[in-house]
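I opened this notebook to keep track of what I looked up. The entries follow the order of my reading.

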Amino acid sequence: MSSDSLNLFSFIGKIRVLHLTWIAFFITFFAWFNHAPLLMAIADSLSLTSDQVKTLLILNVALTIPARVIIGMLTDKYGPRLTYSLLLAVGSIPCFIFALADSFTAAAIGRFLLGFIGAGFVIGIRMVSEWFPAKQLGTAEGIYGGWGNFGSAAGAMTLPTIALLFGGEDGWRYAIGITGAIALVYSVIYYRSVTDTPKGGTYFKPKKIGGMEVSSPSDFVLLLIMKVPMYAALALLTWKLSPAGVGMLAMPVAIVIYVSLVALYVFDAKKCYDINKEIFVKLPEPIHRYKFKQVAVLNILYFATFGSELAVISMLPLFFSETFTLDPVKAGLLASAYAFMNLMSRPAGGLISDRFGRKSTLLILTAGLALGYLTMSMIDAEWPLYLAVAAAMACSFFVQSGEGAVFAVVPLIKRRLTGQIAGMTGAYGNVGAVFYLTILSMVSYQTFFLVIAGTAVLGFVTLLFLEEPEGQMAEVMPDGSVSLIDVA
């Protein structure tokens, strides 16, 4: 076996950590999307309107936006082992809240809080980057992301059956409660089974916590610009919940949230300035700099890739059910084919990126993504069902391979900031999901797919500004010496 390949049948050393970590991610997605295949049963049980169902879909991805940024900071500061274990334990609580919900409001609160568990992905990106060298990193991150992401497909395939086995109107409650119990148990297993770095390794932490470090005044301005869509997505969600949308929030409450978001952005900008004010006086040494435009481009690409995947996973069972008049179980199984592709697509994106270059891989996959969604926009009841499923699977290959290729680059920008960079890029995936799901609530399925294709074209254009990672990045050891880490 070559030095560039991975023996995935091993369960020692770095491969053991990879397996334990993708399982943690798998469980977070299994829990996070436990509602999608059960939506019809939940809607019947709680007497939900169509608007309320769509609101639950948006709420499910809302909190993950700030959560991924916060969890990224905590991961860099306290290490992935502790952070992942606590997230799994705390994330089990909203599963139980949702399972016990007896009204739309209670379900909405549970769904909103459960968005926090979606931040788990960020933690594993840092963990895997600590254990694998650059030449294997894309493949390892792709396996972590792809096999973990499969948790949503596993939920689509198993949870309706579990609900049927328990039977009755409350079958869905037991199915969702079980996902919470699994997360709680695995939080203990993970904590007792891994370490943050290989034996003798150094875990590099950011100099300061509370905001991302940048290397120049122009990068600082770009950082502030790139933060705006994250707050805008939360404002969009507020608008959707206000009287202008489904009316869950009274207008005075919505106004308070809008004002709070503006105040929070100003506070966030101030924290970033406090951490970076030295760069306005003297730039860091060239060896310690990185280009924030790399992060900005990856943010936009993840908006189009993972953002669309989150949105499509949430709506595809309903789309197949309504378009082809299928029962919920069959629609859920067919829709799971889209997420099922994660098993091979995301690792393939990372592997291709390792072998053939980061930028060229992203260019090809982003173009394929745009064409894939253009094809899906043409699906209607006249299509043979097998062809519609095949189109969804082909599209998902480019979407998920693109995600793998994005996170083949993320850990190669600045090691000590990997959690924060992964957090921001990951948050952009959720910004995309909120944007796309809000669009879905206002337009037809066909227009929804066309909008995603349009944003993929925008991502393709921004890719022209991405620079291929090369050479080494520098980090300072605890004793003050400089450690050089290969990125090519």
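**Entry 1: overall form**

I began with the radius of gyration: a compact globule of 488 residues would have one near 23 Å, and the protein chain has 21 Å, so the two agree. I note here that the model is a predicted one. Along the principal axes, I found that the C-alpha atoms fill a box of roughly 65 × 60 × 45 Å.

Next I looked up the secondary structure, and the protein chain has 19 helices and two strands. I then asked what share of the 488 residues counts as buried, and the figure is 59%. For contacts with a separation of 6 or more, I see that 82% come from residues 24 or more positions apart.

**Entry 2: surface and charge**

I looked up the accessible surface of the protein chain, which comes to about 18500 Å². Carbon and sulfur atoms hold 70% of that surface. For charge, I have 32 positive and 29 negative side chains. The centres of these two sets lie 8 Å apart.

**Entry 3: helix 7**

Is helix 7 enclosed or open to the outside? I checked, and 12 of its 12 residues are buried, so helix 7 is largely enclosed by the rest of the structure. The buried residues include Phe 121, Val 122, Ile 123 and Trp 131. Arg 126 and Glu 130 are also among the buried residues of this helix. Helix 7 covers residues 120-131 and reaches 18 Å from its first C-alpha to its last, close to the 16 Å expected.

**Entry 4: helix 4 and the residue after it**

At 1.5 Å a residue, its 15 residues should span 21 Å, and the end C-alpha atoms are 20 Å apart, which agrees. Among the buried residues of helix 4 I listed Ile 65, Val 69, Ile 71 and Met 73. Arg 68 and Asp 76 are buried in helix 4 as well. Just after helix 4 comes Gly 79, with a positive phi of about 95°.

**Entry 5: Ala 156**

I looked for Ala 156 and found it in helix 9 (residues 151-166). Its relative accessibility is 10%, which is under 20%, so Ala 156 counts as buried. Which residues does Ala 156 contact, leaving aside neighbours within four places in sequence? I found Pro 37, Gly 332 and Ser 336. I also looked up Ile 313, which is 157 residues from Ala 156 in sequence and 9.4 Å from it in space, C-alpha to C-alpha.

**Entry 6: two loop residues with positive phi**

I turned to Ser 47, which lies in the loop between helix 2 (39-46) and helix 3 (50-62). The phi of Ser 47 is near 55°, a positive value in a residue other than glycine. Ser 47 counts as exposed, because its relative accessibility is 60%.

Thr 325 was the next residue I looked up, in the loop between helix 13 (292-324) and helix 14 (328-340). The phi of Thr 325 is near 50°, again positive in a residue other than glycine. At 69% relative accessibility, Thr 325 counts as exposed.

**Entry 7: the loop between the strands**

Last, I looked at Ser 481, in the loop between strand 1 (472-476) and strand 2 (482-486). Ser 481 has 34% relative accessibility and therefore counts as partly exposed. Not counting residues up to four places away in sequence, Ser 481 touches Glu 475 and Val 476.

Conventions
Residues are numbered from 1 along each chain as its sequence is written. This is a predicted model: local features need pLDDT of at least 70, side-chain atom pairs count only at pLDDT 80 or more; totals for chains, interfaces and linings use all residues. Side-chain values use heavy atoms; hydrogens and water are left out. Helices (H or I, at least four residues) and strands (E, at least two) are DSSP runs, numbered from the N terminus. The radius of gyration is taken over C-alpha atoms; the globule rule is 2.2 Å times the number of residues to the power 0.38. Buried means under 20% relative accessible area, exposed over 50%, partly exposed in between (1.4 Å probe, protein chains only). Contact means heavy atoms within 4.5 Å. Accessible areas come from the Shrake-Rupley method with a 1.4 Å probe; for residues, only the protein chains shown count as cover. Lys and Arg count as positive and Asp and Glu as negative; His and the chain ends are not counted. The place of a charge is taken as NZ of Lys, CZ of Arg, CG of Asp or CD of Glu. The expected span of a helix is 1.5 Å times one less than its number of residues.
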